[in-house]
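Open the model in your viewer and keep the sequence panel beside it. This tour tells you what to select next and what you will find there.

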Amino acid sequence: MKWLKSNKTTPLVLLTAGIILVILSIRTFFTIDYATRPTTTGMSAITNDAPVKACFVVLVRNSELDGIASTIEQIERTFNSKFEYPYVFLNDDEFTPEFIEKTTALTKSVTKYGKLDHQMWGYPDYINQTYAAECRNEMAKSNIPYADSESYRHMCRFQSGFFFRHPLLDEFDYYWRIEPYVDYYCDIDYDVFKFMRNNGKKYGFNIAFREFLGTVPTLWDTVMDFRTKNPDVSSRWPNKKNSLVNFVTDNNGASYNGCHFWTNFEIASLDLWRSNDYLKLFHYLDQKGGFFYERWGDAPVHSIAASLMLRKDEFHFFNDIGYRHSAYTHCPTEPEFRDKCSCNPEVNMDFNDPMTCYPEFLKALN
């Protein structure tokens, strides 16, 4: 070590060596490292821009051809001519050649046609059909909507627990439910499915409605029984603060308040209904017979389940999609939508209709 102290050139040699090492390190970094490490910019682009496996789902009969043709024309004009998502048409009967030919001609997108089997549309073996008929007659005396309709009950059961299991939907991750004889009023210039995926949304709606409680007298208690008897399932649900449970109950869970998302417009993740938690819940409900002995609708079933199973931030209100079903309309009221929407903002049920539950949604959300 003595020779280092006595050698006056040593500091210069060490400095030179250090500079050379730094230069070599920088060169190595730029020639090798970029080829091996992942690029966060590229990953972000893939996450945002990758195609979404999504479709329109349409439960429709041949007799509703004119109604669904009108809906498709509006969907194509306002949205799908830009994005070309496929249509999946489902029916409890075979589609006629006329239906297939006309609906195919309305879009450049792929169209698929499927028939429902008896498991999806029909009475399960454990349903007492005689008793079910008696229940329908009693409900009809109370003037409950669709009280005496068997097909309406088959539809509600199918939409609650089977549409997402149809083989034609196996390839998809998201869906947009559309129906005949409805109106779409606003130009949509972004991909709603990418929006759902990229923002972690699982359930989208644009009308929150109030159910006729006479159709679902035991639904809430049955769901609560399921929750109590299946702690392995309910323990995975978000807590009250983080869920939307207060959208569907006003009294800390003692009863159902009738609020639901109107499922004739529904943009959602298929994973929600395909999950083991939901499948177990639906099976429990189905075994109780309420789809036939009462008139449980898919809207309250979906809404109660989603409100219990999802976090608040997984819901989305599609304010920018103007929509009418029967006598009820959602129309964006903000000035920026006047050039995009053809509906009258004064005809908007969000706050001013006795059947709306949108204020309850906002209250539960906040």
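The stops below go from the whole chain to its sheets, then to its helices.

**Before you start**

This is a predicted model, in which local features need pLDDT of at least 70, side-chain atom pairs count only at pLDDT 80 or more, and totals for chains, interfaces and linings use all residues. Residues are numbered from 1 along each chain as its sequence is written, and side-chain values use heavy atoms, with hydrogens and water left out.

**Stop 1: the whole chain**

Show everything as a cartoon. The chain has 16 helices and 12 strands. Helices (H or I, at least four residues) and strands (E, at least two) are DSSP runs, numbered from the N terminus. Of the 366 residues, 50% are buried. Buried means under 20% relative accessible area, exposed over 50%, and partly exposed in between (1.4 Å probe, protein chains only). Now consider contacts, meaning heavy atoms within 4.5 Å. Among contacts between residues at least 6 apart in sequence, 79% join residues at least 24 apart.

**Stop 2: the seven-stranded sheet**

Strands of a sheet pair through backbone hydrogen bonds, either parallel or antiparallel. Here, two strands pair if DSSP finds at least two bridges between them. Select β3, β2, β1, β4, β9, β6 and β10: in that order they form an open sheet with mixed pairing. β3 (111-115) and β10 are the edges; each has a single partner strand, so one side of each is left without a neighbour in the sheet. On average, neighbouring strands are turned by 20° against each other, direction ignored. Angles run from 0 to 180 degrees between N-to-C directions, with axes as lines fitted to C-alpha atoms, for helices over the stretch in contact.

**Stop 3: β2**

**Stop 4**

Select residues 97-105. This is helix α5, lying across β2 and β3 and running at about 150° to β3. Next take helix α7 (residues 150-161), which packs on the sheet and touches β1, β2 and β4. The direction of α7 makes about 165° with that of β1.

**Stop 5: β9 and its neighbours**

Select residues 266-269. Glu266 and Ala268 point one way, Ile267 and Ser269 the other, and all are buried. β9 pairs antiparallel with β4 (residues 174-177) over four bridges. Look for Arg177 opposite Glu266. β9 also pairs antiparallel with β6 (residues 203-205), over two bridges. There, Gly204 stands opposite Ile267.

**Stop 6: His316**

Move to β10 (residues 315-317), which holds His316. Is His316 buried or exposed? His316 is buried, with a relative accessible area of 17%. Not counting residues up to four places away in sequence, His316 touches Phe195, Lys201, Tyr203, Gly204 and Phe205.

**Stop 7: the three-stranded sheet**

Select β5, β11 and β12, an open sheet in that order with antiparallel pairing. The edge strands, β5 (182-184) and β12 (328-330), each pair on one side only. The twist averages 10° from one strand to the next. Three bridges join β5 to β11 (residues 323-325). Asp183 has Arg324 in β11 as its bridge partner.

**Stop 8: α9, α12 and α14**

Select α9 (residues 219-229). Its buried residues include Leu219, Trp220 and Phe226. The buried residues of α9 pack against α10 (231-234), α12 and α14. The axes of α9 and α14 come within 11 Å and cross at roughly 35°. In that contact, Leu219, Trp220, Val223, Met224 and Arg227 meet Pro300, Val301, Ile304 and Leu308.

Finish with α12 (residues 276-288) and α14 (residues 298-309). They pack at about 140°, with axes 11 Å apart. From α12, Asp277, Tyr278, Leu281 and Leu285 meet Val301, His302, Ala305 and Met309 in α14.
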